[in-house]
Every structure is written in structure tokens, then in C-alpha cells.
Amino acid sequence: MNLIKIKDLCFSYPTKPDTLKHVNIDVKQGSFTCIVGENGSGKSTLLKCILGLNKGYTGEIIKEEIIGYLPQKSDIQTNFPASIEEVVMSGTISNNIKSIFYKNEDKENAKAVMEELGIYDIRKKCFADLSGGQQQRVLIARALCATKKIIVLDEPTNGLDPSIAKQIYELLDKLKKKDNVTILMVSHDIERALSYADTVIELTNGKVTYNGDPSNFKIGGTK
């Protein structure tokens, strides 16, 4: 079953025509898909089209109604004075559009997610006081509170120490295997992506130049 299906997607910015050119992608339920490519290849633009943040594309995007999302670190305010618990709970807002109050089931779900990700015992700590790796765990928990079906992540390990980046990949791999969470992630870390992903998609100048098994992907070589 495909949770995301993209057919002949094209998108242009006013200052950059043909940012995405005839992109066709399927994201299967329970898969770990990594999108790789050079800076400016269209990776983040593709995610924003999927999430509905970029308008005016042509083609078709068929997707789940609710998708958990972790944006690039540069797009996140990391110094706001909110607790871990408050940040994680905010992920349920899309499920509470008719009420300003959290439901008991959302509170229980947030607790379970924080316990699974190892941040429940520090839930009262301020988000701004956390390390980069801890902040990413909190934001992954927030995405999972929106839905455990599929989460989309844009460079979640960017700027992290290699050992912490490895922990994030292992956490995502565990979520896929244990909870059947579908992972769609943009990554600059191609070698690690090849180690954990089921499917690797390479974008080059807005076009898909590889889409398949990571074992057949050649870094810098002929696909």
C-alpha cells in the first residue's frame, strides 16, 4: 500500500524555474525512504510540495491526510521557553481543530511516545536547554503525536555529532520495525542513508536520477 503517490510533479519558484521536473515517486507503508542529492537539487522543495507548503505545482500528489513533520533545524525556533512536554503535546493540535483543549487520549499518547523515545523523565525541562540530539528526539516525538502512520523529516541529523546522528537513525529504524512507522527523510548523509533505508531516491537538478534499492546505488557513479 502506498501512503504517498506522486505523479508527474513539476514545480517552479519565481526565481528558479524547473525546480522539480516530472517527479514520480511511491512511498510504501512501513518503508524507510531517504531522498538524497546535492544542495539545490530540489529535496526540501519536494517535501514541501508533499506537505502542501508549496502551492502552484502541476501533477498529482496522493497522500495521507495527516503527516507528522520535522522541518530543517534552520526552520525551527530552538530557544523558545516551552517544556519538552508542551512541545510534544503541540503535535496533537491537528487532531484537535475543534477544541482548544487536549483530549485525554492525546495526553496518554504523548506520554507513551515520550516514554518510547526516552524523554518522559525529563519532560518538564525547557526545550531551549536541551542538546541538539535531545531536541531532535523531542521533535520526532511531536511528529509522532500527529500520527504514527508516516513522518517526514528534513535533514534531521544536520549539525549533529556523528555518534548522535547514528542514534537518530537507529531510533527511526526502530520506529519503522517496531511500530511500522513509515519514514520519508531528506538526508545529506548518503552513506548512513544507504545503511538504514529500504529505498533511496536521488534528485539531480530537480529530476529523479535514482529510485530503488540502496545496495545498487553508486555514490558519484553511473546509476
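## Arg 192 and its surroundings

Leaving aside neighbours within four places in sequence, Arg 192 is in contact (heavy atoms within 4.5 Å) with Pro 162, Ala 165, Lys 166 and Tyr 169. Arg 192 is found in helix α6; helices are DSSP runs of H or I of at least four residues, strands runs of E of at least two, both numbered from the N terminus. The side chain of Arg 192 also makes a polar contact with that of Asp 189, at 3.0 Å. A polar contact is a pair of N or O atoms within 3.5 Å; within protein, one must be able to donate a hydrogen and the other to accept it, and residues adjacent in sequence count only if both atoms are side-chain atoms.

## Basis of the values

This is a predicted model, in which local features need pLDDT of at least 70 and side-chain atom pairs count only at pLDDT 80 or more, while totals for chains, interfaces and linings use all residues. Residues are numbered from 1 along each chain as its sequence is written, and side-chain values use heavy atoms, with hydrogens and water left out.

## Helix α5

Ala 165 and Tyr 169 are among the buried residues of α5, where buried means under 20% relative accessible area, exposed over 50% and partly exposed in between (1.4 Å probe, protein chains only). The buried residues of α5 pack against elements including β3 (32-36), α3 (104-116) and α6 (190-196). Asn 180, which follows α5, has a positive phi, near 60°.

## Ring over charge

Arg 123 lies over the face of Tyr 120, 4.0 Å from the ring centre; the criterion is CZ of Arg or NZ of Lys within 6 Å of the ring centre and within 35 degrees of the ring normal.
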